[in-house]
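My notes follow, in the order I took them.

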Amino acid sequence: MDRWTGKVAVVTGASSGIGAATAKRLVQAGMVVVGLARRVERTEALKDDLDESIRHRFHAVRCDVSKEEDILKTFQWIEETLGGADVLVNNAGIYRNTKLINADNTTMIREVMDTNVLGLIFCTREAFQSMKKRSVDGHILHINSVAGHKSSLPNMNIYCASKFAVTALTETLRQEFKAEGTKIKVTSISPGAVRTEILPESITSQQGIPILEPEDIADAVFYALSTPPRVQIHELTIKPVGERF
């Protein structure tokens with residue numbers, strides 16, 4: 001991780017769960033971290049979990065990644081204030097409990113796709129342009145899901161489709177980064193059930209269901225980032241021991 005010391009990492013959905021754990025892990029590893037979230041007050045509160053000597057390396061910024069204008073303003077601020085992004089962790093994601101065939105579910109379906117797919121695309125676009133302009137061999141990581149590889153999971157509706165899109169986008173982006181003559185890496189990390197706010201209560205309330213902790217996924221991000229420049233971790237699947245799906 002030495003080559004990332006002092007470099008700028010952007011983490012979306014940093015107010016809780018995997019995003020919060022990842023932001024703290026990267027600050028502790030010596031990076032300057034910009035934590036993006038709609039609930040910026042919760043992201044600011046993460047500083048209380050950091051040693052006082054490193055809190056200055058964490059910046060909480062309000063950004064709703066479902067809104068392109070928010071993304072553009074945020075990455076402009078990062079460019080002007082910190083010099084640009086060297087690492088991007090696309091973690092922001094939402095789940096809505098609805099069936100695709102339900103009436104009046106248009107808003108929920110659009111919310112999921114705008115956040116989980118378009119938000120990821122636009123954040124990646126802006127981070128890539130920042131990296132390429134500065135000739136930085138950066139790294140972009142998507143927090144995907146096992147739902148992005150298996151659509152038979154119960155009650156996942158449009159969420160599975162949004163994560164299948166992330167799986168496809170990871171390979172598309174790898175090819176595009178290569179075609180642009182860069183050595184920017186892209187990695188998809190696909191967890192099973194993780195103890196976060198996005199996990200449906202119907203799963204967390206069941207006794208004996210094995211669940212990962214957010215820190216387990218933060219460790220995976222750290223591992224992917226710590227690989228040598230020649231190594232491309234394309235897909236990393238992480239399941240809790242005993243997971244049934």
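I began with what the buried residues of α3 pack against: β1 (8-12), β2 (32-37), β3 (58-62), β4 (87-90) and α4 (106-133). A reminder to myself that this is a predicted model.

Next I looked up which residues of α3 are buried, and found Asp70, Ile71, Thr74, Phe75 and Ile78. Looking down the axis of α3, I saw that its buried residues fall within an arc of 120 degrees, so they line one face of the helix.

Helix α3 covers residues 68-82, 15 residues in total, and its first and last C-alpha atoms lie 21 Å apart, close to the 21 Å expected at 1.5 Å a residue. After α3 comes Gly83, and I wrote down its positive phi, near 100 degrees.

**Arg174**

My second stop was Arg174, which sits in helix α5 (residues 157-179). Is Arg174 buried, exposed or partly exposed? With a relative accessible area of 28%, Arg174 is partly exposed, since buried would need under 20% and exposed over 50%.

Its side chain makes a polar contact of 3.0 Å with the side chain of Glu171. Setting aside neighbours within four places in sequence, I found Arg174 in contact with Val186, Gln232 and His234. I also looked up Gln129, 45 residues away along the chain: its C-alpha is 14 Å from that of Arg174.

How values were computed
Residues are numbered from 1 along each chain as its sequence is written. This is a predicted model: local features need pLDDT of at least 70, side-chain atom pairs count only at pLDDT 80 or more; totals for chains, interfaces and linings use all residues. Side-chain values use heavy atoms; hydrogens and water are left out. Helices (H or I, at least four residues) and strands (E, at least two) are DSSP runs, numbered from the N terminus. Buried means under 20% relative accessible area, exposed over 50%, partly exposed in between (1.4 Å probe, protein chains only). Contact means heavy atoms within 4.5 Å. A polar contact is a pair of N or O atoms within 3.5 Å; within protein, one must be able to donate a hydrogen and the other to accept it, and residues adjacent in sequence count only if both atoms are side-chain atoms. The expected span of a helix is 1.5 Å times one less than its number of residues. The arc is that of the directions from the helix axis to the C-beta atoms.
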